[in-house]
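Hello,

Here is the structure I promised to pass on to you. Please have a look at it, and then read on for what turned up.

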Amino acid sequence: MSFDINQIKNQFPLLKGNPDLVYLDSASTTHKPKVVLNAMNDFYISSNANVHRGLYDLSHKADTSWIDAHRKVAQFINALPEEVFFVKNATEGINWFAQTARDQILKEGDVVVITQMEHHSNILPWSAIQQRLDIQLERLMLNKDSRVDLDHLTELFGKYGERIKIISLAHMSNVLGVTNDVKSITKLARKYGAMVLVDGTQSVAHLSVDVKELDCDIFVFSGHKMYGPTGIGVVYGKRNILENLDPVWQGGEMVDNVSENVVFKNLPWKFEAGTPNIAGGIGLAKAAEWLNSIEGRFEYEKELSNYLYLAISKHPSSVKVLSQPSSILSFVMDGVHAHDIASEFNELGICIRSGYHCAQPLHEKLKIKGSARVSLGIYNTKGDVDKFIQGLDQLKRYE
Amino acid sequence: MNKDLVISRYKNPKNFGVIKDSLVGESVNYSCGDEIKVSIKQTDGEVKECKFNGTGCSICIASTDLLLDSIKNKKTNEVLNLPNSYIFNLIGMESESARWRCATLGLEAVKSALHSVK
């Protein structure tokens, strides 16, 4: 079926119930289509039982749904079902890997490389390691296109060589909207045996993600930014890597034998301790399946992103866009505080984000005190963009 | 909110500046980087002169500027006991506004300055 924006938008109960709302904050969280809400509701109504525990039919039904959810999210990023496990969100996924790395991968004197564009969730877990282990944290600079500078990475490998054990970076920036050349980064990392973690939080809903093609070691993402529920996210890890890592979280149902010898379960279950967010996982799997079923969505988003970029670039105000056309577009205006911009839009029924967007170091590098951000979702229309552009007129009195 | 008043004071604050040899207080909103620094001269338990500098949004700058207008010649103890609602009234803001923190940054800085002698 070809892309029909009205048909898509109608699938979102919140947007259907608020036809005048212009929601331009999908990089923060997306709305949820009815199929996702129904999938979660159906689980509680017809299959609710704990997973991996009971021998009765209802429990088996829950097990089947849970295993199927792993299969679907794995398929969504071209991974094997045993290579994905559920966590709370991407933040928890990065924290999991950072703690795993601290205890099982890194040693004193090693180097971890992040970038200047990272979200706080991909900075703080690594800087926290430094309080316990004497490692070095390097930040990759950005090139003139605002993407990660590959020359700088080459330079860092020249300086540190195999001491660089981990590179952890965003696939798509949550402020600049740019997509990093992950394939070239992993290719370079292979030469020196460094592992690569990709934070796919902003990319999974907007790009076709293939973890095998990216050749990354770890890939994390959240459900709620890809039309799934909050409180659920995914960690992908290459099978041979996950197999050799011990779990950080210990508890029920991740273990086969608890006596003198502790034997953990097979992948991916050894990484899911305790009762998981079953309905969340089922909802996320449904969101992945639903997204994959929509033909033409990438083309539509690209066209809308270009439309937004052109319109804002032409606007007769001091508006300054921070990067290229993308589903995420951040901007500043001379003399107008980002919070004032967002508040003015709020009065017009237009939801946009303002502030640091959890990327304070990037704003400091750009020498700006916060920015305003517009981010598009699959349900946005040219009409939404037009209303936003008209709204910019309101801000002239602040200039 | 009285937006005309807020924008007018944001563009042309009346109390912008620094007073030498005064009590100094500072407050920062880490969520957006806004920071307000006030300098106050008090005599006999009363605020006599006050100025501020720093960066902030329209609500932050205007509410600080209006607050400084209103505390001149007020008893120090009275100023220290001013509730957030006092600021909301000054700019006509509803107390449950998402921007309440922007409005109260100046009051925090003022109290911090006055507390520095207590």
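This is a predicted model: local features need pLDDT of at least 70, side-chain atom pairs count only at pLDDT 80 or more; totals for chains, interfaces and linings use all residues.

In it, A:Arg239 and A:Glu243 form a salt bridge, with 3.3 Å between their closest N and O atoms. Over all chains, the structure holds 31 salt bridges.

Next, the place where the two chains meet. Chain A brings 14 residues to the contact, and chain B brings 18 residues. Between them, chain A and chain B bury an area of about 1300 Å², and carbon and sulfur atoms give 43% of that area. Three residues stand out on one side: A:His337, A:Lys369 and A:Arg397 supply 39% of the area that chain A buries against chain B, more than any other three residues.

What about charges and polar atoms there? Five salt bridges are counted between chain A and chain B. A salt bridge also joins the side chains of A:Glu344 and B:Lys3, at 2.9 Å from N to O. As for polar contacts, 12 residue pairs make them across the interface of chain A and chain B, counting pairs with both residues at pLDDT 80 or more. On the side of chain A that touches chain B, α13(A) gives the most, with five residues. That side of chain A has six charged, five polar and three nonpolar residues.

Finally, the largest pocket. How much space lies in it? The answer is about 560 Å³. The largest pocket is lined by 25 residues, and the closest to its centre are A:Ser343, A:Asn346, B:Ser97, B:Ala98 and B:Arg99. From chain A, α13 (338-347) and β13 (350-351) each supply at least two residues of the lining, as do α2 (58-71) and α5 (100-115) of chain B. By class, the lining of the largest pocket has 10 nonpolar, eight polar and seven charged residues.

Best wishes

Technical notes: Residues are numbered from 1 along each chain as its sequence is written. Chains are lettered from A and ligands numbered from 1 in the order in which they are written. Side-chain values use heavy atoms; hydrogens and water are left out. On a 1 Å grid over the protein atoms alone, a cavity is a set of points where a 1.4 Å probe fits but cannot get out, and a pocket is an open set with protein on both sides within 12 Å along at least five of seven lines; lining residues have an atom within 4 Å of a point. Grid points are joined across faces, edges and corners, and a volume is the space filled by probe spheres set on the points. Helices (H or I, at least four residues) and strands (E, at least two) are DSSP runs, numbered from the N terminus. Ala, Val, Leu, Ile, Met, Phe, Trp, Tyr, Cys and Pro count as nonpolar, Asp, Glu, Lys and Arg as charged, and the others, Gly among them, as polar. Contact means heavy atoms within 4.5 Å. Buried area is the accessible area (1.4 Å probe) that two parts lose on being put together, summed over both. A salt bridge is a side-chain nitrogen of Lys or Arg within 4 Å of a carboxyl oxygen of Asp or Glu. A polar contact is a pair of N or O atoms within 3.5 Å; within protein, one must be able to donate a hydrogen and the other to accept it, and residues adjacent in sequence count only if both atoms are side-chain atoms.
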